[in-house]
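Colleague: I am new to this structure and would like to go through it with you. Could we begin with the strands?

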Amino acid sequence: MCEAYSKEKTIEMRKKHIGPSCKVFFAKDPIKIVCAKGQYMFDEKGEKYLDCINNVAHVGHSHPEVTKAAVKQMELLNTNSRFLHDNLVQYAERLTATLPERLSVCYFVNSGSEANDLALRLARQYSGHNDVITLDHAYHGHVTSLIDISPYKFQQLGKEAKKEYIHVAPSPDTYRGKYREDHPDPGAAYAEEVNDLIREAHQNNRQIAAFIAESMQSCGGQIIPPPGYFQKVAEYVRNAGGVFIADEVQVGFGRVGEHFWSFQLQGEDFVPDIVTMGKPIGNGHPMSCVVTTKEIAEAFGATGLEYFNTFGGNPVSCAIGLTVLDIIEKEDLRGNATRVGNYLVELLQEQKDKHQMIGDIRGVGLFVGVDLVKDRQLRTPATAEAQHIIYKLKEKRILLSADGPHRNVLKFKPPMCFSKEDAKMVVDAIDELLTAFEEGTGTKRAAVNEQPGSKRKDTGHTHDSSNNVHSNACRTQKSGFRSKNHSVSNKRIRT
């Protein structure tokens, strides 16, 4: 396959025809990717990049079995799901088998944003209420209803952007948040903050329709909710007549390794009322799903308003979805997420012993965050340093991103075929960059004998210092590492 345009021409055409708010990665020197395979991406020159952030290509870029399934079904039929087709019901059966029994009814749509928008409709119809509780720094999608419940977005527009029917609870962050790792029960404490919002809403004659949260916050800085948090929140919300929506769009389908769904990390006694999913569901194919209970589905149908989605659940999408489930099982990708994820965290912990700039490492499976700080005692976010590192890693042909409220958390969300060799390559590169940074700035390295458990002070909080191309590029897979100097863009791009 020949590229139609040079990279410069592609950039020129993008500026001419694509909306200016549609940003690209590494804006000062964007990458033109022309093909990808597994955990690797290739530019127009055939240079290979290690992809550490693409949670869309869940089972690996261009997986041959996914391609085969798509082509085979496309050659037979692709049509509206209002016709009967076995792929739809077979996939629904397979998908719900991975979930707790009461989550048994599916609505197929085309994107995570569509899924979350529909989840809000279901919740509001079932509860008869309108208000929504969301988490600070949350992001749930790009349509209007979801911008309204995404502080990650609407806070950029000023205080007046927050709607009166939206209530923002603190992110359950035990490293930077209100209740930290030294708190005897941070899960209960953060849940009580939600209960306070419910009481405040009732005092203002408002009623809660839903609480929505990613099962692990991604844009919020790779936040793993503390034990018991979801159980208590669900209790409070249900007592108020609302429902619990678990957003698994970024973190589902075995990414945590131990479980198929990230909400299951909270324990078997927690079951959401609605689960939304997208991104990894089709390995890059545009499909998504909302799964809920029979009771909620019946309430939604009781309005008499027919629901249909032209492309949601079409035969090709469902064929791809079935194949993704097969690959996760056949290639033991959950096991790989556990093994490689544990190894990655071990390597990063070694770097934390070595470098003062690493304040916290948190994650489960192949969902890991590295919180960079200027000062471990104060936990001052190292925002500029994080941006510097991801640009330098890009020069080494490693694609990593930084996010969180302060944009100082290095985010690992790679394809599930990510290997131990890949993990070591990235961590070695981070070590090299942190060492060079320390030498260049005179920053002290971490004391290897620093004892975990030593108490630190930070703005009133006492806490523990440790926390829980050309067409042949994909065929040749040539690696190459070049070095260029790039200034850092301040634009925030969600991955």
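Modeller: Strand 3 (residues 48–51) pairs with strand 14 in the parallel sense, over two bridges. Strands are DSSP runs of E of at least two residues, numbered from the N terminus, as are helices (H or I, at least four residues). Two strands pair if DSSP finds at least two bridges between them. This is a predicted model, in which local features need pLDDT of at least 70 and side-chain atom pairs count only at pLDDT 80 or more, while totals for chains, interfaces and linings use all residues. Residues are numbered from 1 along each chain as its sequence is written, and side-chain values use heavy atoms, with hydrogens and water left out.

Colleague: Which residue of strand 14 does aspartate 51 stand opposite?

Modeller: Aspartate 51 stands opposite leucine 399.

Colleague: What is the strand order in the open sheet?

Modeller: The order is 1-2-3-14, four strands with mixed pairing. Strand 1 (33–37) and strand 14 (398–399) are at the edges with a single partner strand each, so one side of each has no neighbour in the sheet.

Colleague: And which strands pair with strand 16?

Modeller: Strand 12 (residues 367–375) runs antiparallel to strand 16 and is joined to it by four bridges; here valine 368 has phenylalanine 412 as its bridge partner. Strand 15 (residues 401–403) is also antiparallel to strand 16, over three bridges, with alanine 402 opposite leucine 410. The hairpin of strands 15 and 16 has five residues between the strands, and glycine 404 in it takes a positive phi near 95 degrees.

Colleague: Which way do the side chains of strand 16 point?

Modeller: In strand 16 (residues 409–412), Val409 and Lys411 point one way and Leu410 and Phe412 the other, and all are buried. Buried means under 20% relative accessible area, exposed over 50%, and partly exposed in between (1.4 Å probe, protein chains only). In a regular strand the side chains alternate between the two faces of the sheet.

Colleague: Changing topic: how many residues has the largest nonpolar core?

Modeller: It has 98 residues, and those with the most contacts inside it are Tyr91, Phe211, Phe253, Met277, Leu410 and Phe412. A nonpolar core is a set of buried Ala, Val, Leu, Ile, Met, Phe, Trp, Tyr and Cys residues joined through side-chain atoms within 4.5 Å. Helix 10 (residues 315–330) gives the largest share, eight residues. Domain 1 (7–60 + 333–467) and domain 2 (64–330) both contribute residues, so this core lies between them; the bounds come from an automatic or database domain assignment.

Colleague: What is phenylalanine 253 in contact with?

Modeller: Leaving aside neighbours within four places in sequence, its contacts (heavy atoms within 4.5 Å) include His58, Tyr91, Trp261, Met277, Leu325 and Met416.

Colleague: How many disulfides are there?

Modeller: There are zero disulfides, a disulfide being a pair of cysteine sulfur atoms within 2.5 Å. For cysteine 318, the closest cysteine sulfur is that of cysteine 289, at 8.7 Å, which is too far for a bond. Cysteine 318 counts as buried because its relative accessibility is 0%, whereas cysteine 417, at 21%, counts as partly exposed.

Colleague: Finally, what is the mean pLDDT of the chain?

Modeller: The mean is 89, and 89% of the residues reach 70 or more; pLDDT is the predictor's confidence in each residue, from 0 to 100. Over residues 448–495 the pLDDT is below 50, although this stretch has 145 contacts in the model beyond near neighbours in sequence. Where pLDDT is low, the predicted coordinates should not be read in detail.
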